[in-house]
Amino acid sequence: MKKTKVVIVSLLKPIDDSRMYEKFGLTLEQANEYEINIIGFTSKNIPTQNKIEFHPLKPFKRLSLKRLVARLQVWNIYIKVKPKVIIVNTHEILILTSLYRIIFGAKIVYDIRENYARNVRLQKIYPLLLRPIISLLIRAKEWITRPFIKVQIIAERSYLNELGFLRSNAVVLENKYKELDQPIIKSDNTPGRIQLLYSGTIAESYGIFDAIEMAKRLHQYNPKIHLTIIGHCAKMDDLMRLKQEIKDIEYISLRGGDYLVPHSEIVAAIKSSHFGLLLNQANRVSDQKLPTRLFEYTANQLPVLCINNPNWINFLSQFNAAIEINIKHYQPESLLVTMQNGIFYNQGDTGTSYWKSEAPKLLALIESL
């Protein structure tokens, strides 16, 4: 039986990105009905244990001509592979992919992982004067290409109320945790040691500097406190400040920062930690989202020190998985007592945090095309 050729594509996500590869790619590949091709940012850890074909793009900076050239690379791969289904993971190639559809008739699925236009306005990655222009262009692309999109996927339920360009058949596929076959690294068994973890996107708005300050305060009362920071930092100012703040601090370690860390290493860090940190700065829009870290931490039954965000606390409470923190007002001594004496994950079913609940929806969607 001839397999349907599927391309999963992004410009800024690595080709071994957890959603593109681990969740979408492996789920479709295991159905044995599809020939899977993944296009994305180059990675040092290209998987080789399956039949998925990887097409790494040459590296480029966010504001560079090479970013425009990457679109030509994507087009050339389309022409070579001749996909029948294209799952687009970024707004940047919506126009390009729509053109391919017009000429060759492929079905387009737009996987909306972020409210991209809003993020550009609120985040400080781009120059201030460029933000409204870039934001407007992104939203224009999403509206203009809407007629050419067969199905839209959204990673957050909150987008149903946020994104006016969504079609009526939009499908929610939450970014839940996908278990991989990999060695489990056990926690440090040093008596009294408490391993804290900050994982994922590294940024001031994601609470990185609050996490560092918390580790410093807790370490004053328990010298066996250790904080691991693992992930990627897109904003150079935040990265420089981060490195300066943890310089010569032996109980805080950084893995990544200026490079993309393989998701398998992040998962290993989760499995070897005692508490995960979720200290994002309050934001009336993003507070409605469920960060991927929530699914990753709860699936691995890692207790979470979480800011007092009602949406997140409500999610964690079903498993008794959280210690609620007011990051501006807490007592390190009493917090340490709670952490050391707390009983977590004694209720609820953490199986609901796994990708296995979303995989059948993805398979049914692609089959319907």
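**Notebook: strands, cores and loops in a predicted model**

I began with strand 11, where the bridge partner of Leu196 is Phe275. Residues are numbered from 1 along each chain as its sequence is written, and side-chain values use heavy atoms, with hydrogens and water left out.

**Entry 1: strand 8 and its partners**

I noted how the elements are named: helices (H or I, at least four residues) and strands (E, at least two) are DSSP runs, numbered from the N terminus. Two strands pair if DSSP finds at least two bridges between them. Strand 8 and strand 11 (residues 275-278) run parallel and are joined by 2 bridges. With strand 9, strand 8 pairs in the parallel sense over 6 bridges; there I found Gln195 opposite His226.

Is strand 8 covered or open? Strand 8 (residues 194-199) is mostly covered, with 6 of its 6 residues buried. Buried means under 20% relative accessible area, exposed means over 50%, and partly exposed lies in between (1.4 Å probe, protein chains only). I checked the side chains: Ile194, Leu196 and Tyr198 point one way, Gln195, Leu197 and Ser199 point the other way, and all are buried.

**Entry 2: the nonpolar cores**

I took a nonpolar core to be a set of buried Ala, Val, Leu, Ile, Met, Phe, Trp, Tyr and Cys residues joined through side-chain atoms within 4.5 Å. Which residues have the most contacts inside the largest core? They are Met214 and Met339, in a core of 55 residues. Helix 7 gives the most to this core, with 7 residues. A second, separate core has 34 residues, including Trp75, Leu94, Ile138 and Phe165.

I listed the contacts of Met339 (heavy atoms within 4.5 Å). Neighbours within four places in sequence aside, Met339 touches Ile194, Leu196, Leu218, Phe275, Leu305, Ile323 and Phe344.

**Entry 3: aromatic rings**

Rings of Phe, Tyr and Trp (its six-membered ring) pair if their centres lie within 6.5 Å; planes under 30 degrees apart count as stacked, over 60 as edge-to-face and the rest as tilted. I recorded 10 aromatic pairs in the structure. One of them joins Phe275 and Phe344 edge-to-face, at 5.8 Å centre to centre and with 90 degrees between the planes. This pair links distant parts of the chain: Phe275 is in strand 11 and Phe344 in the loop between helix 12 (332-341) and helix 13 (359-368), 69 residues apart. Phe275 counts as buried because its relative accessibility is 6%. Elsewhere I found one aromatic cluster formed by Trp75, Tyr78, Tyr100 and Phe104.

I read the order of an open sheet of 7 strands as 3-2-1-4-5-6-7, with parallel pairing. Strand 3 (53-57) and strand 7 (171-172) stand at the edges; each has a single partner strand, so one side of each is left without a neighbour in the sheet. Within this sheet order I checked strand 1 (residues 4-14) and strand 4 (residues 85-88), which run parallel and are joined by 4 bridges. Val9 stands opposite Val88 in strand 4.

**Entry 4: helix 9**

Helix 9 (residues 263-271) is mostly covered, as 7 of its 9 residues are buried. The buried ones are His263, Ile266, Val267, Ala268, Ala269, Ile270 and Lys271. Their cover includes helix 1 (18-30), strand 8, strand 9, strand 10 and helix 10.

Asn222 is in the loop between helix 7 (208-221) and strand 9 (225-232). Asn222 is buried, at a relative accessible area of 10%. A polar atom of the Asn222 side chain lies 2.9 Å from the backbone nitrogen of Lys224.

I looked up phi for two further residues. Most residues other than glycine have a negative phi. Asp248 has a positive phi near 70 degrees; this residue lies in the loop between helix 8 (236-245) and strand 10 (252-257) and is exposed, at 74% relative accessibility. Gln301 also has a positive phi, near 55 degrees. Gln301 sits in the loop between helix 10 (292-299) and strand 12 (304-307) and is partly exposed, at 44% relative accessibility.

Key
This is a predicted model: local features need pLDDT of at least 70, side-chain atom pairs count only at pLDDT 80 or more; totals for chains, interfaces and linings use all residues. A polar contact is a pair of N or O atoms within 3.5 Å; within protein, one must be able to donate a hydrogen and the other to accept it, and residues adjacent in sequence count only if both atoms are side-chain atoms.
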